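This report describes the architecture of one protein chain. The sequence and the structure are shown below for reference.

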Amino acid sequence: MRGYQARDFQASPVTGDPLLSLDRPGVIPALLLSQLVVLLPLLFYLPSWISFTVCAVLMWRLLAARQVLPLPPRWLLVLLTLAAATAVFLYFGTISGREAGVSLVAIMFSLKLLEARHYRDALLIISVSFFVMVTGFLFNQSWLMGAYLLAAVFVILACLVVVNSLRGLTGLKSMMQMSGTVLLLAIPLMMVLFVFFPRLPGPLWRLPTGQSAGSGISDQIAPGDIASLHLSDEVAFRVSFDDGAPPGNGQYWRGLVMTDFDGLAWRPGRDEAVISAPPVVAGEGLVNYEVTLEPHRQRWLFLLEKPLTGPPAARRYGDLTWQTLRPVREKLKYRASSINSLVTDPAISPGELERNLALPGSGNDRARNWARDLRSRHDNDQELVEEILSTINREEFYYTLQPPVLEEDIIDSFWFGSRRGFCEHYASALAFLVRAAGIPARLVAGYQGGEYNPYGDYWIFRQSDAHAWTEVYLAGKGWRRVDPTAAIAPFRVEQDLLTDQNRRDHWLDDMIGGQDLLELPEGVWQKLRLSLDTIDAYWDRWVLSFDNETQNGLLRALGFEQPDLRLLIWLMCGGFLLVLGVAGIGLFRRRPEGDAIARSYRVFCRKLAKSGFEKQLAEGPADFVRRVIAERPELAGRIVPVNRLYIRLRYQTEAARPEDIRRLREQVRQLNL
């Protein structure tokens with residue numbers, strides 16, 4: 001089939017023009033396709049009845065185009081619109097907000113297609129598609145969504161070509177070629193705007209994330225809380241180190257310090273005093289790093305243990321934790337530094353001593369008596385703690401994700417009964433026993449371990465890396481980390497934890513039921529997963545988090561030491577001119593003289609010009625030939641047939657036949673004046 005040509009788009013866009021009727025081939029399917037690609041990603045996030053309504057409306061319009069169902073009258077459309085708006089309001093209690101607003105827009109946008117009768121309606125649907133498409137980013141800002149929406153732009157542009165063509169859809173190849181050309185010309189301009197357009201401080205997207213509970217570590221730790229996170233592969237944060245990372249077993253990321261124990265759960269006590277500088281006595285081995293924290297809807301930040309500096313907008317507390325002023329509801333990037341061998345002031349205030357020795361008034365009597373007996377045998381605090389760890393290592397204690405449910409007096413039930421638990425069981429038991437022996441102790445919640453991504457040179461900490469450990473206060477030495485899970489004998493660590501890293505390589509096997517559909521070397525899927533995570537990280541850094549600070553850093557890297565608004569405007573204008581210039585040169589070099597019909601007519605006009613008859617700019621082909629015949633009637637027999645054939649081929653609505661085009665070219669070639 002013949003592709004699109006310039007004359008296919010020369011009709012005046014008048015609403016009632018029969019040449020622009022929606023009955024042209026492919027116009028209604030093009031409108032349906034444009035709406036489908038726009039609404040498809042939204043259907044996964046909106047209520048099911050919204051998705052069903054939208055699909056039903058699109059199906060109605062498709063059946064109407066095939067004359068199976070009639071189009072609804074205007075009064076019914078008004079009734080459907082009011083009913084849809086009322087249903088959205090009754091379901092959400094509002095018509096504003098992300099879910100309610102997008103639901104209303106999706107239904108109204110689909111109903112517009114039932115109303116479409118003329119070219120103007122079709123053009124409006126295509127134009128609105130570009131705006132409704134962006135609502136997908138309100139729910140998902142991943143690079144996959146970005147790639148999908150870029151493909152959606154290509155499809156919408158192709159549909160726009162069909163809507164504006166007199167002949168409707170004439171061929172997929174020509175339609176896609178024109179759409180692709182427009183998109184390729186637009187992408188460089190889009191990039192110039194994205195990089196150089198002046199930005200306000202803050203990331204590109206600041207969107208509400210809803211009121212649901214935060215993910216990850218909560219503000220209390222009870223048996224089973226962290227074990228429930230271990231099977232989650234969700235990313236908690238990513239870390240890039242300036243000069244190399246400490247070993248994985250040394251990466252304890254501090255988040256919350258919990259001092260209050262009610263017999264079941266640990267919670268943070270009263271806030272420690274906010275301090276402006278850490279009480280450092282000595283230390284070496286400075287580690288500088290940058291953290292990209294996923295939104296967890298809490299105020300605490302995660303810093304490598306023994307932090308020295310943190311984000312300036314956050315508060316630092318005496319227990320070496322950092323918190324923001326508001327909950328983290330969007331990705332947060334911050335720089336910090338820690339000292340591996342940080343030695344803090346060993347002094348402890350009376351209030352802090354009291355809080356870290358407090359135990360419930362009753363309960364867990366066996367554990368209390370066991371700790372007192374241990375105290376009677378050990379005067380040295382460090383030796384007492386080591387004895388508890390030795391007991392864990394020597395006796396039948398197991399590390400498992402599926403411990404039995406603990407009844408009342410959970411410390412007694414765990415220490416003397418089940419002896420099976422996850423990190424929070426051991427940390428809680430150790431802190432209780434040490435306190436019962438008269439040694440200050442507290443629980444710390446955070447992350448430990450992590451996974452190195454060699455493709456992006458950063459570390460990934462997932463919810464499965466959530467961890468709890470104990471800190472014990474030793475007189476003259478200050479607070480010391482004690483991780484009781486490290487004392488468990490390896491042969492008593494259950495297989496599901498030992499093989500956790502290997503299980504991640506086989507996530508696809510779980511999806512396909514363990515069938516060996518793809519025989520690939522060990523570790524391939526993990527490499528693929530890390531590669532995709534690298535794309536996620538770069539997408540977040542250079543697109544979603546591309547703020548004023550990142551823009552200025554990029555400009556300084558390009559050699560502009562002091563970027564300002566004037567420089568950005570000059571760079572933006574210069575970039576526009578450069579892109580348009582390169583595109584113009586490319587199009588000029590590749591631009592053909594025109595289609596075969598126009599080329600033949602230009603040769604015809606040049607032959608008449610050699611005989612003294614120049615065609616005027618505003619002169620049509622029929623007027624031009626009449627003027628020539630008026631002065632030289634003897635030429636009528638030779639030029640009238642050529643001109644008549646040209647007019648018929650040029651202005652007919654159907655495609656010109658190849659043999660007629662060849663006949664015109666041959667007649668012009670044989671014309672002698």
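## Sheet and helix packing

In this predicted model, five strands make up an open sheet with antiparallel pairing, arranged in the order β7-β2-β15-β18-β19. Strands β7 (303–304) and β19 (478–482) lie at the edges with a single partner strand each, so one side of each has no neighbour in the sheet. Helix α12 (residues 423–436) packs on this sheet and touches β15, β18 and β19. The direction of α12 makes about 15 degrees with that of β18.

Within the sheet, strands β15 (residues 441–448) and β18 (residues 466–474) run antiparallel and are joined by seven bridges. Ala445, for instance, has Ala468 in β18 as its bridge partner. In general, the strands of a sheet pair through backbone hydrogen bonds, in a parallel or an antiparallel manner.

A further packing arrangement involves two helices. The axes of α2 (residues 48–65) and α4 (residues 98–115) come within 9 Å and cross at roughly 10 degrees. An angle under 35 degrees counts as roughly parallel, and α2 and α4 are therefore roughly parallel to each other. The residues that make this contact are listed in the table.

| Helix | Residues in the contact |
|---|---|
| α2 | Trp49, Ile50, Val54, Val57, Leu58, Trp60, Arg61 |
| α4 | Ser103, Ala106, Ile107, Ser110, Leu111, Leu113, Leu114 |

By class, the contact of α2 with α4 comprises 11 nonpolar, two polar and one charged residues.

The protein chain as a whole has 22 helices and 19 strands. Of its 673 residues, 44% are buried. The chain exposes about 34700 Å², of which carbon and sulfur atoms supply 60%.

Notes:
Residues numbered from 1 in each chain as written. Predicted model: local features only at pLDDT ≥ 70, side-chain atom pairs only at ≥ 80, totals over all residues. Heavy atoms only, no water. Pairing = 2+ DSSP bridges. Helix = DSSP H or I, 4+ residues; strand = E, 2+ residues; numbered from the N terminus. Contact = heavy atoms within 4.5 Å. Axes fitted to C-alpha atoms, helices over the stretch in contact; angles between N-to-C directions. Parallel < 35°, antiparallel > 145°, perpendicular 65-115°, else oblique. Nonpolar A, V, L, I, M, F, W, Y, C, P; charged D, E, K, R; others polar. Buried < 20%, exposed > 50% of the residue type's maximum accessible area, 1.4 Å probe, protein only. Areas by Shrake-Rupley, 256 points an atom, 1.4 Å probe, with all protein chains shown as cover.
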